[in-house]
Structures are given as structure tokens and as C-alpha cells.
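Subject: Structure handover

Hello,

Here is the structure for your set. Please look through the coordinates first, then read the notes below.

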Amino acid sequence: MRVVITGAAGFVGRKLAERLARDGEISGEKIDEMALFDVVEPVVPQAAFPIEAVVGDISDSSEINRLIGKTTGHVFHLAAIVSGQAEAEFDTGMRINLDGTRVVLEACRQLEEPAKLIFSSSVAVFGGEVPPVIQDDTALNPQTSYGAQKAAGELLVNDYSRKGFVDGRSLRLPTVVVRPGKPNRAASTFASSIIREPLQGDSAVCPVDPDARMWIASPRTVLASLLHAHKLPAESYGMNRSITLPGITVSIGEMVEALERVAGREVVERISWEKDDTIARIVAGWCATFNPVRGLALGFPQDSSMDEIISAFIEDDMVRK
């Protein structure tokens, strides 16, 4: 049985590949081979089975048809360009985030047996005039190109699953904090930078006010959610294959207060506050409070506090100089 991970060079894809390589199985099924796909070469972890690193274009059907071959049983579709880039480069966002998703689904459609497919969506599918707390049945109304592309992807996953072409599951990820690595072009990148850089001895700039609020989850919880979504039987999802993942609501000020509790005042003093009106406006339009009843009922995990999230980053991903 072959497992395919798109977007495998990203930090979530890398953590997922490492976990599956270590376990050697997924949901009780032995892994015979794995393919890691991205626009840059993914890191290949050690494993007891063959792992192939593939560099290519997610929107190229000929490449993806070769990637998702006849022995493929499981696909984690994580490949995407981030929110800020999708907003600035409309055509690129549509090609990668929307066309690429359909190419993956079409490749899965050619398989003799429906593959189990996990699609990484986003809470950016919500927006506009929303209630104070987003419920599971709140209408999708994305206010960014990225959110629109993810919403369209969810609808495609639902329809391909309804037709029996795939066994799909779409996970609406909160903002993931603390991301390891370097800042990217996501509008939310600062939320990790103001924790990661100060902890690693570097300065960071916060472009929003302390009272700005976000719905977040840790990398540990996101990885656990991907695996949990995979092991749930198809009938658990019913007629709606999209799940809003549990997260926690925190203000930026509360994040910094947690950083001080965990790491001390000296670390917090490496943060400077320089408001960027464009980023602040984008963040202000995000939904920050959710009531993920369905996700919790299905057993998806939830972080307990910002202190716990920061401590997990220190343990798992912090670069010590």
C-alpha cells in the first residue's frame, strides 16, 4: 500500500512523513511505500520501506497521475500556497490551491479502489458578517482568495466522496502556532515569529495590536488531527466531509504574556510593536471564536493553553544556538 503526501516539504508534511516512517503503518494498515511531493525536494526520513521524494507542479496532471499510482491507498493533500501569496498572486493561487486540488482528486478517481484522502482546508472559509461565535453550521463566506480556494476544495472533496471516487475528509485548520522554520508569506506568519524568534535569541516585529485575537492550534495537535481524521470510518462524517478542528482563542497580548511566563521577561523584550495597517486589517477580518461541537464529538484533540503550546515548541522544534 502506497501513501502519498503532497506539500511534504512544509513543516506539517515533514512531521507527518516522519511519524508514518517511524510507525510503519497507518490506521493499522502496513505501509509498503511512501511518496513525498512538493515544489522543492522534501526531506526523506529513515524508514523500513521505500520512500520516494518527488519535485513537481501540483497542477500538472501528468505528474500527479504518476505520483498517485495504482497501489495508492492514502493521500494527504497538504500542498498549497499561503494566504498572503494567494491574495497577492490571484492566478498562482487559483492554479495551485484550486486547480491542484482537482488534479489530485482526478488522479484518485482513476484508482480501482477509492483512496482515503485528507484535504487541509482552513478556517479562512468563514468571514464577512458572522455571528460572535462560529458554529458548525455557519455559512461559508470567505473574504480572501485563499479562503475561497479552500472552500471550493471542500465542495469538491464532498462531491467526489458522494460519487464514490474518493473517501475524502476536509479539515479546517486553525492558524498553526508555533510554526518551526522561517517566516513565510502568510498574513499570520507573525503569530509564530513573535514566539519563535525571541525564544531563539532573535528580534521580532508584531504588526498588530495586542488585543487582536486568533483561533490557533499547535503543530502537535494538527498532526494528531490529521491521523485521527484518517482513522475515523467514513460513516462518521455523514453527508458533510468537512470538519472545523478544535482550537483555542487567544489575543496577541495573551500570547506574549504566556511567552513571558514560560521563558521570562528578557525573551519578551526582543519583540517590538510596529503596526502594519494591511496585516492588521486582514487579521481583524478573521473569525476568532468557534464552537467546534462536531469536531470535539468525533474525538479530535484540542490544546489546553498557550503556555502548553509554547512549551511544546521548545521541546519539539526550537533551534538552540
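Accessible areas here come from the Shrake-Rupley method with a 1.4 Å probe; for residues, only the protein chains shown count as cover. On that basis the protein chain exposes about 14,100 Å². Carbon and sulfur atoms supply 49% of that area.

Two notes on the source. This is a predicted model, where local features need pLDDT of at least 70, side-chain atom pairs count only at pLDDT 80 or more, and totals for chains, interfaces and linings use all residues. Residues are numbered from 1 along each chain as its sequence is written, and side-chain values use heavy atoms, with hydrogens and water left out.

Overall picture

The radius of gyration, taken over C-alpha atoms, is 19 Å. A compact globule of 321 residues would come near 20 Å, so the chain agrees with the rule. That rule is 2.2 Å times the number of residues to the power 0.38. Along the principal axes, the C-alpha atoms fill a box of roughly 55 × 45 × 40 Å.

Of the 321 residues, 54% count as buried. Buried means under 20% relative accessible area, exposed means over 50%, and partly exposed lies in between (1.4 Å probe, protein chains only).

Contact means heavy atoms within 4.5 Å. Take contacts between residues at least 6 apart in sequence: 76% of them join residues at least 24 apart.

Charges: 33 positive and 44 negative, with mean positions 3 Å apart. Lys and Arg count as positive, Asp and Glu as negative; His and the chain ends are not counted. Each charge is placed at NZ of Lys, CZ of Arg, CG of Asp or CD of Glu.

The secondary structure comes to 12 helices and 14 strands. Both are DSSP runs numbered from the N terminus: helices (H or I) have at least four residues, strands (E) at least two.

One sheet

Strands of a sheet pair through backbone hydrogen bonds, either parallel or antiparallel. Here, two strands pair if DSSP finds at least two bridges between them.

An open sheet of 3 strands runs in the order E9-E11-E13, with mixed pairing. Its edge strands are E9 (175–176) and E13 (248–251), and each pairs on one side only. E11 (residues 213–217) runs antiparallel to E13, joined by 4 bridges. E9 and E11 pair in the parallel sense over 2 bridges.

Some partners to check:
- Ile-216 has Ile-248 in E13 as its bridge partner.
- Thr-175 has Ile-216 in E11 as its bridge partner.
- Met-214 stands opposite Val-250 in E13.

How enclosed is E11? Because 4 of its 5 residues are buried, E11 is largely enclosed by the rest of the structure.

Backbone points

Val-177 and Val-178 are joined by a cis peptide bond, with omega about 10°. Val-178 is in the loop between E9 and helix H6 (189–199).

Ser-27 has a positive phi of about 50°, although it is not a glycine. Ser-27 lies in the loop between strand E2 (25–26) and strand E3 (29–30). With a relative accessible area of 41%, Ser-27 is partly exposed.

Ala-224 has its place in helix H7 (residues 219–231). Ala-224 counts as partly exposed, at 32% relative accessibility. The C-alpha atoms of Ala-224 and Phe-300 are separated by 8.0 Å, and these residues are 76 apart along the chain.

Best regards
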